[in-house]
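User: I am new to reading protein structures. Could you take me through this one, feature by feature?

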Amino acid sequence: MWWWNKQICWAALLSLLPLLPLWAQPKTDWMHRVATLLPVPGIADNFVSNLAARGDSLWIGPRLDLTFDGGQTWYRANVDSITQGRGRVYALLVIGDTVWASLGTRYLADLNGDGIDDDVFEAVGLVVSTDGGQSWSFRFPPLDAPADTVILYGSSRLPAIPIVSPQLTTTFDLAYDRLRHRLWVASWYGGLRYSDDWGRSWHRAVLPPDTLDALRPERSYFFRVGPPTSAQDRYDNYFAFAVHVDGAGAVWAGTAGGINRSEDGGLSWDRFANEGYPNAPTGNWIVAIAEQVRPNGQHVLWFATRPAGRTPGETFGITRTADGGRTFEQVLLGERINDFAFRGDTVYAAGDNGLFVSTDQGRTWQTIRDFYDPTSRRVLRPDVRVLAVATTRRHLWIGTSDGLLRSDDGGRTWRLFRAEVPVKPTTPSPQVPRVDTYAYPNPFSPMLDAFVRIRYDLAQPASVRVHVFDFGLQRVRTLFEGMQEAGAHEVIWDGLDARGVRVANGVYFYAVETDAATYWGKILVIE
């Protein structure tokens, strides 16, 4: 969470306050309806943050890529907010032929005037397609009008802080209630919200403040609805990061204050928080919720948790419930989990330390950290994070900070998909010219992209040196020095100089030196 990580102080948050139908049912397989999607050679970004599967089809964030044949062919949604660089995907939801994507951006800004840049997320909006990605409509971020200062909850008139600025309101999760035809979003500083008209208008859901474990509309209350305005304000349960509607129609909301459950469409709520007892969430900051339907018909809810910093004993890990919230079980303690997927009784958990697999409901786990592709003979960097996981009918997929991977044998072997083009293509074109070296992604954001890859080919074995220079041709860092075999090579730069300090925005040059020649390239670093 932002204030517990000391990234944004309370003064910065306070400064933002003034700124602040029926669902399409499955019709046909996308395989027969991709003519208007843009054919592309592969995924657009190697920081694969989101996956959403339906049948054999897989949608991929952050650029809305699509494959329906296991990665043999690729398409990209023609959404100008993405193709023109105005947003990246932060959440995906696929129901039948309908696809929802939350778009946001991330940048550095000195919000509180202390000379230190803060990590700021900003909502761009939502896009929706009801025809499998052929056409898209834009929805503005779920925000309030300045006059929305009161919420009616039962007989109570609750004062409210209207959230009118897109800063800190990125939607991190979406869910759909088939019974009530209601779309739910978890939008951090914007809280938990729902729409009954496909995102054209939004309503704030009232969750229990941290001092209450339940809310009932027949009771009288008086508390302010909105983000905390000081470190002492006890409404961490307002901050929403995950939402799910289960098979029975119950709404589950994950916040910075625990797990919330509503069985009447979001009117009444029960809150479950870590208070130092084993039968509680591992941590009060809930970042992902997923539902497993086991072969025996049992429905199990899985929650990825992190410590919110309020209660001693909180930790990273997973919480599960198999009885609708009457009891909770803590598993995989200490691991930072980002996403879940299931195949029968097998549970896949995507984590910062690898892919975790359990076939016994979390009692034991296998950890996969080495992702080797025997076809391309490539291994991902050792500190790769597994950000997302999904299962299609025939494949297991994981999205990482270094590419997309597919496994056809439950995780024993992998096929790697990455955003790259050959240095010397067989058929050059204006889009893919013949060059000696290139860097990608370019422009390069150290925060969003983690690292830039410098690619080059050697006609024969050679002694190679790769350097980065600033605009004045002062050497910033030496990335590689040694012998290399003939063929294609890549060197990674994380945007740090030789002292380990992140470089400033601007133009940088790199040189690939061999005994026979020196090849130059340019990298634009921008946040």
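Analyst: Start with burial: a residue is called buried when its relative accessible area is under 20%, exposed when over 50%, and partly exposed in between. The structure here is a predicted model. Of its 527 residues, 57% count as buried.

User: How many helices and strands does the protein have?

Analyst: There are 3 helices and 41 strands. The accessible surface of the protein is about 22,300 Å², and carbon and sulfur atoms account for 50% of that.

User: How do I read a sheet, and in which order do the strands β12, β13, β14 and β15 lie?

Analyst: Strands of a sheet pair through backbone hydrogen bonds, either parallel or antiparallel. In this case 4 strands make an open sheet, ordered β12-β13-β14-β15, with antiparallel pairing. The edges are β12 (173–177) and β15 (203–204), each of which pairs on one side only. Between β14 (residues 192–195) and β15 there are 2 bridges. Arginine 193 is opposite arginine 204 of β15.

User: Which residue forms a salt bridge with arginine 204?

Analyst: Side chains of opposite charge can pair when their charged atoms come close. Arginine 204 pairs with aspartate 144, and their closest N and O atoms are 3.2 Å apart. Aspartate 144 belongs to the loop between β9 (137–139) and β10 (150–153), 60 residues from arginine 204 in strand β15. The whole structure has 27 salt bridges.

User: Are arginine 204 and aspartate 144 buried or exposed?

Analyst: Arginine 204 has a relative accessibility of 13%, so it counts as buried. Aspartate 144 is buried too, at 12%.

User: Where in the chain do aspartate 213 and arginine 271 lie?

Analyst: Aspartate 213 is in the loop between β15 and β16 (214–215), while arginine 271 is in strand β20 (residues 269–272). Their side chains form a salt bridge of 3.5 Å, N to O. The pair therefore ties together parts that are 58 residues apart in sequence. Aspartate 213 is partly exposed, at 43% relative accessible area, whereas arginine 271 is buried, at 8%.

User: What is the distance between arginine 455 and glutamate 490?

Analyst: The closest N and O atoms of this salt bridge are 3.2 Å apart. Arginine 455 is in strand β36 (residues 452–458) and glutamate 490 in strand β39 (residues 487–493), 35 residues apart. Arginine 455 is buried, with 10% relative accessible area; glutamate 490 is partly exposed, at 23%.

User: Now the aromatic rings. Why is the pair of phenylalanine 68 and tyrosine 75 called stacked?

Analyst: A pair of aromatic rings is described by the distance of the centres and the angle of the planes. Planes under 30 degrees apart count as stacked. The structure holds 32 aromatic pairs. In the pair of phenylalanine 68 and tyrosine 75 the planes are at 20° and the centres 5.6 Å apart, so this pair is stacked. Phenylalanine 68 and tyrosine 75 are both buried.

User: What angle do phenylalanine 469 and tryptophan 520 make?

Analyst: Their planes are 40° apart, a tilted pair, with 5.5 Å from centre to centre. Phenylalanine 469 is in strand β37 (residues 462–469) and tryptophan 520 in strand β41 (residues 518–525), 51 residues apart. Phenylalanine 469 counts as buried, at 12% relative accessibility.

User: Which residue has its charged end over the ring of tryptophan 285?

Analyst: That is arginine 306, whose charged end is 5.7 Å from the ring centre. For a last item, look at one aromatic cluster: its members are Tyr153, Tyr189, Tyr221, Phe223, Tyr235, Tyr238 and Phe239.

Methods. Residues are numbered from 1 along each chain as its sequence is written. This is a predicted model: local features need pLDDT of at least 70, side-chain atom pairs count only at pLDDT 80 or more; totals for chains, interfaces and linings use all residues. Side-chain values use heavy atoms; hydrogens and water are left out. Buried means under 20% relative accessible area, exposed over 50%, partly exposed in between (1.4 Å probe, protein chains only). Accessible areas come from the Shrake-Rupley method with a 1.4 Å probe; for residues, only the protein chains shown count as cover. Rings of Phe, Tyr and Trp (its six-membered ring) pair if their centres lie within 6.5 Å; planes under 30 degrees apart count as stacked, over 60 as edge-to-face and the rest as tilted. A charge sits over a ring if NZ of Lys or CZ of Arg is within 6 Å of the ring centre and within 35 degrees of the ring normal. Two strands pair if DSSP finds at least two bridges between them. A salt bridge is a side-chain nitrogen of Lys or Arg within 4 Å of a carboxyl oxygen of Asp or Glu.
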